[in-house]
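Open the structure in your viewer and keep the selection panel at hand. The stops below say what to select next and what is there.

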Amino acid sequence: MSEVADRTIALECRGIHKHLGEGASRVHVLKGVNLKLYRGEVSAIVGPSGCGKSTLLYLLGLLDRQEQGSIFINEQEVPLNRDGVHTELRCEYIGFVFQFHFLLPEFSAMENVMLPMRKLGRLSLQEMQARAQSLLEDIRLGDKLHRLPSQLSGGEQQRVAIARALANQPSILLADEPTGNLDVKNSLMVFDSLTRLAKEKGQAVLIVTHNPDIARKCDRTLRMEDGLFKE
Amino acid sequence: MTPSIAIAVRFLLAKKRSMLMSLTGISFGVAFFIVTQAQVSGFKEYFIDTVLATDGAIRISDKMQPIMTSLEASTTEGGKSSFMVGNRENYRFIEGVEFPNKIIESIRELPNVYAASPVVTGNVYIRGPLRNGSGFVYGISLEDHLAVSALEDQIIEGTVDDFRSTPMGILIGSKLAARLQARVGDSLLVQAVDQRSRFHVTGIYETGVSEIDKVRVFLHIGQARSLLKRPHGASFIQVSLFDRSKAPSDAQAIENLTRHFAASWQEREKSWLQFFYVIGLSAAITVSAILLTSGLGMFNTLAMIVMEKTREIAILRSMGYTRRDISNIFIWQGMIVLILGSMIGFSFGAAMTYGISNIPIGVRGIFTAERFVVNWSLLHYIYAALVATVVVLFASLAPARRAARLVPGDVIRGTAS
């Protein structure tokens, strides 16, 4: 990636610790992780299975709670045990793309993209429809706005999920193996859509991936091993 | 439409068959609740109307004489009190009303009293043209009595004018007339203890209450006094009210004012009223079982949806939907079924109530009814909706809480791995 990020920190974590499991199977997954994500920069986390990549992603996305350490969004520390605050921050500042698209099967592509906007409630219905249409056209799905997820291919479903993640123009985009379920052609298409749109809008993107080609295309690659980033 | 409602509608439509079953159950439950209450309260209201049309709202009868000291509060120099604390156990009762006109004059001061009629009663033996039988005389002042009863409307043969214009006229109940084989225009010999007189049947009435129609006869009060050798006083005073529901407090006020025993219709008919109450309650409980069963079905369906939609719930949470939003999605599903079910139930219930009111039956006994008696009351619809609301709320709250408690990270991690 050749474009230069504006070096404004969108998300930072300091000294994150997290265990998973119970009793004898309890594992110390994250052992004091530090990370900064900059606006307009696409970062990748690579590493072996079970090293804590996805766990870190969910913590950074406020979907889970760390046992120790702090997370800062737009340089403001996120309080640890405030589910309401976490939900508001997710709504406004964070977009997620998962390995599986997780589209709501009862809603069309456009309606799925509108779901985050309807929750945020800053746009009128017409504005939401226009924005959803624009996002879907950007990822070349302008002719499939009203199709249900079941009427789309795997790659198309994942691209709709990307449009949905970008719906509220979040400053942070977190993607957990976004191409893990796709073939090579669709993987590249999804990755291109994700990074192009994020860069255009100056968003900080963090991708967890096992795909070395995808990792190489990112501005920065972070290798995680045994719960810590390795230089 | 809020996003929670929009999602609730789509989730519901995705489970059409299960939700249709719940909807049908709620609709039937609401409809049957309305129909049963309409019938029970219909018969109850009809019974009350019959009682009031026949025996009035209040009866003032025996004089109450204190046998123990009772507390009186005097506010005037003369010591006349309008306030007295006591109960009926502290009195002995002297039969009849000695000065009915004075009492009627004093109770007319009460704002809810519409009219009052003195009545002289006594047992008689009646000899008809073909057969004989016992009867019970009501000596009435006709104009007064028409104001405290529906006697005029109850006359099925002859007219009240014939009775008015015939000093020796007699009105007899339909069942007594049948027993005596007497008709309008016949002459009856009415015999009291040591007095007898001949009367002309000027009318046959029917209250619908068998016990009344087979013994009660109406005479002009003067003739009754002469026959029963009771030249003054009255056996009781029948009182009608503007607002029948206030009869117990008015009866108490009359007792305090006149020191005569006064019984409201609610006190006189307590056992029948309790019977109707129990029947109504029993019907409501039975029909609520239908609603409860539907509620269980709905609980099942919603619990299934929560289990099937954990990923969707997690993704909604990741987008910024709060626990309350998630909870509302499931509560709204219940509410949509409730609103639709209640609307359908209201319509179906009203249609069934109308249909039932046209079914011919021949009820005889405590009242007479040719068709099913129903009571059209908005309260039945409100109560039915309330019961359905409670059931649906219980059915949707537990799945809603479970959905709201899901931790999105756990769900997504579990699925992804």
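Helices (H or I, at least four residues) and strands (E, at least two) are DSSP runs, numbered from the N terminus.

The model is predicted: local features need pLDDT of at least 70 and side-chain atom pairs count only at pLDDT 80 or more, while totals for chains, interfaces and linings use all residues. Residues are numbered from 1 along each chain as its sequence is written, and chains are lettered from A and ligands numbered from 1 in the order in which they are written.

Next, select the sheet. Four strands of chain A form an open sheet in the order 2-1-4-5, with antiparallel pairing; two strands pair if DSSP finds at least two bridges between them. Strand 2 (27-38) and strand 5 (76-77) of chain A are at the edges with a single partner strand each, so one side of each has no neighbour in the sheet. Strand 4 (residues 68-73) of chain A is joined to strand 5 of chain A by two bridges. Which residue stands opposite A:Glu77 of strand 5 of chain A? Select A:Phe72 to see it.

Move to helix 4 (residues 125-138) of chain A, where A:Asp138 is found. A:Asp138 has 17 other C-beta atoms within 10 Å and is partly exposed (buried means 20 or more such atoms, exposed 12 or fewer, partly exposed in between, with C-beta atoms placed from the backbone). From A:Asp138 to A:Leu152 is 14 residues in sequence and 16 Å in space, C-alpha to C-alpha.

Now show chain A whole: seven helices and ten strands. Buried residues are 51% of its 231 residues.

Last, select chain B, with 16 helices and 15 strands. Its radius of gyration (over C-alpha atoms) is 32 Å, well over the 22 Å of the globule rule (2.2 Å times the number of residues to the power 0.38) for 417 residues, so chain B is more spread out than a compact globule. Colour domain 1 (3-51 + 272-416) and domain 2 (58-264) of chain B separately; the bounds come from an automatic or database domain assignment. The centres of these two domains of chain B, over C-alpha atoms, are 50 Å apart.
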